[in-house]
Amino acid sequence: MTWLVALPVVLPLIGAGLALALARHPRVQGVVSVSVLSVVLGVSVALLVMVDSGPMVLDVGGWAAPVGISLVVDRLAALMLVVSVTVTLAVLLYSLAQGVADGDEGAPLAVYHPTFLVLSAGVSNTFVSGDLFNLYVGFEILLAASFVLITLGGTRDRIRSGTIYVVVSLISSVIFLVAIALIYAATGTVNMAQLALRLPEIDPDTQLILQLMLLVAFGIKAAVFPLSAWLPDSYPIAPAPVTAVFAGLLTKVGVYAIIRTQVLLFPDGRVDDLLKVVALATMVIGILGAVAQEDIKRLLSFTLVSHIGFMVWGVSLSSEAGLSAAIFYVAHHITVQTALFLVAGLIERRGGTTSLVRLGSLARVAPLLAVLFFVPAVNLGGIPPMSGFLGKAGLIGAAAQDGTGLSYALIAGGLMTSLLTLYAIVKTWNMAFWQEAPEPLPETSTPAGMVGPAAGLVAFSLLLAALAGPLYGYTEHASRDLRARVPYIVSVLPEQGRGTGQSPEVTERGQRGEPESEHGSSDGGEEQ
């Protein structure tokens with residue numbers, strides 16, 4: 001059943017090609033997109049169950065590691081697939097309903113569905129990549145698709161913000177690519193399982209340089225301070241569904257890459273103190289930026305930056321408890337942040353703006369909308385018994401176990417960030433929902449087809465809190481496997497940590513005494 005590992009990447013790409021061929025039939029495009037992502041969600045849930053017995057590895061083209069490309073799904077990757085596809089499907093349904101409500105003029109462009117599916121394929125590819133270069137390919141797929149999505153409509157502001165986004169992303173990609181080249185020059189491989197064995201053998205100072213280069217590349221993508229200035233200017237300008245999927249997923253891809261590489265490739269913790277400082281600065285400076293905003297989308301963009309710090313905090317502790325809390329918080333934040341941006345789109349539709357100084361009276365004219373904002377907002381603020389509270393409690397407990405001065409500083413910073421998040425939420429609630437609007441609101445309505453997916457994501461966030469016990473148990477197992485490293489390495493390189501490097505077809509011909517083809521060599525594993 002290892003072929004299931006490739007489906008979250010392959011199916012959206014096939015669906016994108018089919019949707020592009022159906023460019024003149026937008027309704028059929030929508031059916032194709034929803035069907036593909038629904039199947040991918042089912043596959044992801046199946047993988048979540050199947051990896052309980054160990055990581056699943058697919059050798060692309062039949063060539064085993066370290067020669068071939070490996071796609072690997074372990075507990076962490078499976079959880080990220082389920083959560084990411086869930087929110088992607090919800091955003092797609094929201095955007096379809098928005099197009100139907102607005103008529104032909106507001107319907108998604110013909111390129112929207114193919115690009116959206118390519119984006120989903122890129123996200124999935126980063127989660128299942130077993131080598132650094134394939135991880136780079138996943139990032140580039142994301143970059144190409146996200147540039148198209150962020151500039152939909154072609155307005156001056158969207159082109160400007162999209163250009164900033166692309167320039168920053170290209171800088172990150174160049175740094176990542178140079179790091180890959182240097183890693184290959186130093187170790188002779190880019191397979192992450194083999195790198196876990198070879199990196200400790202090289203000079204420690206060289207290791208540190210390579211580690212810092214990867215952190216800078218992934219830090220830009222994750223929007224950690226001081227590499228986050230681009231995000232608040234880029235995300236709010238895009239259409240609501242695009243902003244929602246970007247906020248929920250794209251920064252978390254960077255966080256995932258940090259978790260995967262720091263734990264698997266650099267487990268010695270040499271940069272833990274640096275990560276603690278970065279996490280603290282990201283939390284505090286991000287939320288101070290949010291408090292100063294008077295636009296809901298920009299406020300949410302700054303809270304997005306701020307709460308990335310909580311995830312980096314968990315990684316910096318280099319403990320099973322800290323890593324487990326970080327993984328739990330990633331799953332929570334993907335869901336809650338996406339839901340908030342979808343609700344912000346509903347607020348803009350009902351109130352005609354997201355400017356807090358121009359909004360008001362929404363609690364009276366749209367009570368359901370008020371509830372849909374309030375629930376994920378207090379979840380983000382960490383009110384018990386929400387999942388945000390449980391994730392933060394796990395981080396605080398892990399930091400207290402660490403017991404260092406920086407860890408206690410992180411606890412103080414995390415508590416202050418949570419209080420300021422609540423302040424920003426109360427401010428937003430008061431200005432947008434409670435106080436009287438300075439001018440009469442537009443006589444518009446929020447279509448049920450748009451409210452439904454947003455409400456579904458809010459309900460999913462509550463489900464995460466209701467199932468926090470089993471979910472935390474799952475993240476603890478994932479953390480234990482990540483810290484041990486052995487399950488991942490042995491799954492990819494089964495023969496005493498080396499791998500065969502052979503195609504099964506070549507091996508079978510060799511056993512029959514047949515000559516090998518010019519493209520296959522039985523000593524392919526020695527190439528590395």
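1. The model is predicted. Searching the whole structure for aromatic pairs gives 15. One of them joins F133 and Y136, whose ring centres are 5.7 Å apart with 35° between the planes, a tilted arrangement.

2. Both residues of this pair belong to helix α5, where F133 and Y136 are three residues apart and therefore separated by about one helical turn. F133 has a relative accessible area of 42% and is partly exposed. Y136, at 15%, counts as buried because the cut-off is under 20%.

3. A further pair is made by W429 and F433, with 4.8 Å from centre to centre and 15° between the planes. This pair is classed as stacked because planes under 30 degrees apart fall in that class. W429 and F433 are four residues apart in helix α17 (residues 405-434), so about one helical turn separates them. W429 is partly exposed, with a relative accessible area of 23%, whereas F433 is buried at 1%.

4. F133 and Y136 are also part of a cluster: ring pairs link them with F139, F176 and F218. Elsewhere, K392 lies over the face of F310, at 5.1 Å from the ring centre.

5. How many cavities of 30 Å³ or more does the structure hold? There are four. The largest cavity contains about 160 Å³ of space.

6. Two or more residues of the lining of the largest cavity come from each of α5 (132-150), α6 (156-187), α8 (204-222) and α10 (240-264). Helix α5, which holds F133 and Y136, gives the largest share, four residues. By type, the lining of the largest cavity has 10 nonpolar residues, three polar and one charged.

7. The second largest cavity has a volume of about 130 Å³. It is lined by 17 residues, with Q262, V263, D272, V315 and S318 nearest its centre. The elements giving two or more residues to this lining are α10, α11 (272-291) and α12 (296-316). Seven of the lining residues of the second largest cavity are nonpolar, six polar and four charged.

Terms used:
Residues numbered from 1 in each chain as written. Predicted model: local features only at pLDDT ≥ 70, side-chain atom pairs only at ≥ 80, totals over all residues. Heavy atoms only, no water. 1 Å grid on protein atoms, 1.4 Å probe; cavity = no way out; pocket = protein on both sides within 12 Å on 5 of 7 lines; lining within 4 Å. Points joined across faces, edges and corners; volume = space filled by probe spheres on them. Nonpolar A, V, L, I, M, F, W, Y, C, P; charged D, E, K, R; others polar. Phe/Tyr/Trp six-rings, centres within 6.5 Å; stacked < 30°, edge-to-face > 60°. Buried < 20%, exposed > 50% of the residue type's maximum accessible area, 1.4 Å probe, protein only. Lys NZ or Arg CZ within 6 Å of the ring centre and 35° of its normal.
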